[in-house]
Amino acid sequence: MGIGVAGCMLTVQLAPEAAAQDDLRAWIGDRLLPDLARRPGIIGGSLLEGDAPASHAETEEKRIRGTADRVADWVLLVRAYDPDALRHARDHELSGQALGAHGVLVVKRRLISLPIKRRNTANIL
């Protein structure tokens with residue numbers, strides 16, 4: 001016996017319009033992510049914002065590779081234990097049309113399966 005944790009994640013790369021960033025950030029943090037997290041099958045989400053100046057700093061690795069890093073403006077991560085719940089969110093609340101109504105361009109969406117982790121719980125109190 002043990003605990004099994006499996007999961008999946010939806011990543012949505014966003015390019016918000018400059019004038020809409022503050023309202024969009026508030027809507028995502030105050031409405032979208034809390035609403036999604038209350039759904040069966042969805043655990044929660046995060047909004048990551050790219051830092052272009054920091055990402056474009058010269059490093060030895062970039063010099064060796066000879067290419068600069070590509071930087072996403074924003075990335076929305078939604079984690080779930082039910083991939084169907086993520087597909088529903090992807091096709092509805094996180095569709096290009098739905099997000100476009102809030103002043104954002106969806107650059108890329110990807111559904112990812114996360115590895116399964118098992119742990120023996122026999123010695124856990």
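Mentor: Let's start with a term: a salt bridge is a side-chain nitrogen of Lys or Arg within 4 Å of a carboxyl oxygen of Asp or Glu. This is a predicted model, where local features need pLDDT of at least 70, side-chain atom pairs count only at pLDDT 80 or more, and totals for chains, interfaces and linings use all residues. Residues are numbered from 1 along each chain as its sequence is written, and side-chain values use heavy atoms, leaving out hydrogens and water.

Trainee: Thanks! How many salt bridges are there in the whole structure?

Mentor: The search finds six.

Trainee: Which residue forms one with Glu-49?

Mentor: Arg-25 does, and the closest N and O atoms are 2.7 Å apart. This pair links distant parts of the chain, with Glu-49 in strand 2 (residues 42-49) and Arg-25 in helix 1, 24 residues apart. Helices (H or I, at least four residues) and strands (E, at least two) are DSSP runs, numbered from the N terminus.

Trainee: And what does Arg-25 meet in a salt bridge at 3.0 Å, N to O?

Mentor: That's the side chain of Asp-22. Both sit in helix 1 (residues 21-37), three residues apart, so about one helical turn separates them.

Trainee: Is Asp-22 buried or exposed?

Mentor: Exposed, at 58% relative accessibility. Buried means under 20% relative accessible area, exposed over 50%, and partly exposed in between (1.4 Å probe, protein chains only). Arg-25 is partly exposed at 30%, and Glu-49 is partly exposed at 40%.

Trainee: New topic: which residue pairs with Arg-90 in a salt bridge?

Mentor: Asp-91, with the closest N and O atoms 3.0 Å apart.
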